[in-house]
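I opened the file to look up a few points of fold and backbone geometry. My entries follow in the order I made them.

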Amino acid sequence: GRFGGVPDEPRIPVPWHGAGLSRRPPGMARQGSGAMLASGGLGFPPQNLARVVVWEWLNEHGRWRPYSAAVCHHIENVLKEDARGSVVLGQVDVQLAPYVIDLQSMHQFRQDTGTMRPVRRNFYDPSSAPGKGIVWEWENDNSSWTPYDMDICITIQNAYEKQHPWLDLSSLGFCYLIYFSSMSQMNRQTQRKRRLRRRMDLAYPLTMGSIPKSQSWPVGTSTGTPCSCPQCLLVNSTRAASNAILASQRRKLYPGAVRQSSTFAGAALWPAGMGTVAVAGGTTKGEGLRVPGGAFPAGQSVPGGVPLPGLNNLNRPGTQRGAGLGARATVPPGVPALPVKNLNGTGPVHPALAGMTGILMCAAGLPVCLTRAPKPILHPPPVSKSDIKPVPGVNGICRKTKKKHLKKSKTPEDVVRRYIQKVKNPPDEDCTICMERLVTSSGYEGVLSHSSIKPELVGKLGKCGHMYHLLCLLAMYNNGNKDGSLQCPTCKAIYGEKTGTQPPGKMEFHLIPHSLPGYTDSKTIRIVYDIPTGIQGPEHPNPGKKFTARGFPRHCYLPDNEKGRKVLKLRLVAWDRRLIFTIGTSNTTGESDTVVWNEIHHKTEFGSNLTGHGYPDPNYLDNVLAELLAQGVSEATLKD
């Protein structure tokens, strides 16, 4: 699972939620005392009360991600000079070179794509982790380190300072355990572990007393003469374009509420006669936004790709919420509109080059025509029933599944003893389940009792050789699916046949006469999953409670080639074992007790890859084969 990433770069799997180990050994910490003071707009701390300032940006999953301490110091320095200015992040961090924060609109802009994201200014206790310059990070799949969200970082640091052996993050909505002795993070549902580290960095800036809020809307043109250096041209053109977009939003809802002569904060860059921007009532479908200011190319977000109202308007006053970007600004007669297109990477013009072209054009006073962001192609063209064919080499066209019950003969003790060998003289190492030494009694002593399993007994798993207390293995099994299988918490080796908690449903699969991007010589395998709402069973997070099933039927796509058919066959095995879906909390909507994907990635975008869930993706089939293998579904199962 993941907690975030670099600004404006899409991230996959945010934390999975679900049932896990219910026992909390002595010393486990819950949420720490690091308090966060919410703020809208710039915000300000209480009078005469020192607070640490952390600037954060909103990612695509609705989570606020902190900027580094160095970046926050830079933003604060600019803020002191001009509360309505712009902050060029590349001046302090070269990796953030494309990004500019406009303090007036409280948005981060990406220069090469035009993507806009809300930012906010939050305050924390000076004694908390950001005030001490302490950063907690987890190791991602690329072997690089990603910082936790600030509230999680503070919680981890509080537990660390109190010398708690471990920490449960479920109180913050994440199904993870933090082990300080091994400096690792474990997913309670999948038992997967990631490395953890504590790093000392620059302390975040400290502030005291009130700081005036900036205006949320453009309030007039600059009266001074702007600097003509390239950096100022870039910043002012960014502000001009952003202000035009925001003003057009407000005009559409409140005609006449904003003076047309006060649209651009950087209007001094424009030739005489261009200060007024008239806004038409609306546009027809497919038309672009015509604004003097090209800092926001349309390949990504402007106007169609601006974050949805629920996310984009979190820090705006009520008058701004719900505003759309359908308005179109007109340009004075006699000034040509120069279109900057091909910003989605499909044309001969590189998106970054096109973005810089737009910036230079708007700085020179030339209007730029911004095309709408492309929309994902989720479904193929209509297919008649006569064109739908069975998949070659795969029997049937539909598979239904129902809950499978554990055979009564397999007691939890029988399952554990089946896969382990007793160890008479265990080494002086940690049991990674209870984090107690193997030479001592299990941490579950007194919590879980079993007449034939003593708390000091240690067993070694047959295939991988990892050792644990027998009582710990029994506790892990009792808190799982109780399907007759075990999975090593250390190396993820599976013993027996692993099954999941997928609710009953139907899986259809067939061939359609259309090709996926990157597989022009192949037809397409379409998979349709359909799961109805129902009542949670004993293996689910809240037995007896209703669960929802949003977005069904769900359509997924594979190329009709040898490897694609192999993936289909293995998915059928995973479906029969109830491993494709589970019941948990949606990373997209935050809804709990709903059907969610279960760590086997699917492609739901047919004709594009704008969301990261489409084609072309040359490594996808190999990656999904590895994910299936991690669930115990391998090619060997096809031969059984």
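Entry 1, proline loops. I noted first that this is a predicted model. I started at Pro-616, which sits in the loop between strand 30 (594-597) and helix 10. The peptide bond leading from Tyr-615 into Pro-616 is cis, with omega near 5 degrees. I then looked up Pro-553, placed in the loop between strand 27 (546-547) and strand 28 (554-559). Phe-552 and Pro-553 are joined by a cis peptide bond, and omega there is about 0 degrees.

I checked how helix 9 (residues 562-576) packs on helix 10 (residues 620-630): the angle is about 25 degrees and the axes are 10 Å apart. Angles under 35 degrees count as roughly parallel, and helix 9 and helix 10 are therefore roughly parallel to each other. The crossing of helix 9 past helix 10 is left-handed. From helix 9 the contact takes in Lys-563, Gly-564, Lys-566, Val-567, Leu-570, Arg-571 and Ala-574, and from helix 10 it takes in Tyr-620, Leu-621, Asp-622, Val-624, Leu-625 and Leu-628. I sorted these contact residues into 8 nonpolar, 1 polar and 4 charged.

Met-106 is not a glycine, yet its phi is positive, about 55 degrees. I found Met-106 in the loop between strand 5 and strand 6 (107-110). Its relative accessibility is 4%, so Met-106 counts as buried. Gln-191, also not a glycine, has a positive phi of about 65 degrees. Gln-191 belongs to the loop between strand 12 (184-187) and strand 13 (193-200), and with a relative accessible area of 9% it is buried.

I compared the length of helix 1 (residues 69-81) with expectation: 13 residues at 1.5 Å a residue should span 18 Å, and the end C-alpha atoms are 19 Å apart, which agrees. Among the buried residues of helix 1 I listed Cys-72 and Glu-76. The cover over the buried residues of helix 1 includes strand 2 (50-58) and strand 7 (116-124). Val-53 lies in strand 2 and touches, among others, Cys-72, Glu-76, Phe-123 and Thr-207. Val-53 counts as buried because its relative accessibility is 0%. Val-53 and Thr-207 are 154 residues apart in sequence, but 6.8 Å apart C-alpha to C-alpha.

I counted 11 helices and 30 strands. Of the 640 residues, 50% are buried. Of the contacts between residues at least 6 apart in sequence, 69% join residues at least 24 apart.

Note on methods. Residues are numbered from 1 along each chain as its sequence is written. This is a predicted model: local features need pLDDT of at least 70, side-chain atom pairs count only at pLDDT 80 or more; totals for chains, interfaces and linings use all residues. Side-chain values use heavy atoms; hydrogens and water are left out. Axes are lines fitted to C-alpha atoms, for helices over the stretch in contact, and angles run from 0 to 180 degrees between N-to-C directions. Helices (H or I, at least four residues) and strands (E, at least two) are DSSP runs, numbered from the N terminus. Angles under 35 degrees count as roughly parallel, over 145 as roughly antiparallel, 65 to 115 as roughly perpendicular and the rest as oblique. A crossing is left-handed if the near helix is turned anticlockwise from the far one by less than a right angle, and right-handed if clockwise. Contact means heavy atoms within 4.5 Å. Ala, Val, Leu, Ile, Met, Phe, Trp, Tyr, Cys and Pro count as nonpolar, Asp, Glu, Lys and Arg as charged, and the others, Gly among them, as polar. The expected span of a helix is 1.5 Å times one less than its number of residues. Buried means under 20% relative accessible area, exposed over 50%, partly exposed in between (1.4 Å probe, protein chains only). Lists of a residue's contacts leave out its neighbours within four places in sequence.
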